[in-house]
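Okay, thanks everyone, let's get going.

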Amino acid sequence: MAKFKTKLSKWGNSVGLNLPKPLRDTFDLKEGDEIELEDKEDYIILRKKE
């Protein structure tokens, strides 16, 4: 399991998360893919929506 650091960035009226390329490649994530978010106590789960 790899660890990455990233920062939240302002995108218009929203805040976005930039995912590092190695992480996108591992999970075959591309621009326009839908991601599901789930909160679990003190962490967030991100899942590619199938």
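Let's start with Ile35, which is found in strand S3 (strands are DSSP E runs of at least two residues, helices H or I runs of at least four, numbered from the N terminus). Ile35 is partly exposed, with a relative accessible area of 34%; buried is under 20%, exposed over 50%, partly exposed in between, with a 1.4 Å probe and protein chains only.

Quick housekeeping: this is a predicted model, so local features need pLDDT of at least 70 and side-chain atom pairs pLDDT 80 or more, while totals for chains, interfaces and linings use all residues. Residues are numbered from 1 along each chain as its sequence is written, and side-chain values use heavy atoms, with hydrogens and water left out.

S2 (14-17), S3 and S4 (43-48) each put in at least two of the patch residues.

Now, how much space lies in the largest pocket? About 850 Å³. There are 23 lining residues, and Leu17, Leu19, Leu23, Ile44 and Leu46 are the closest to the centre. S2, H1, S3 and S4 each give two or more residues to that lining, with S4 giving the most, five.

Last stop, Glu31, in the loop between helix H1 (21-26) and strand S3 (35-40). Glu31 is exposed, at 86% relative accessible area. From Gly12 it's 19 residues away in sequence and 17 Å in space, C-alpha to C-alpha.

Notes: 1 Å grid on protein atoms, 1.4 Å probe; cavity = no way out; pocket = protein on both sides within 12 Å on 5 of 7 lines; lining within 4 Å. Points joined across faces, edges and corners; volume = space filled by probe spheres on them.
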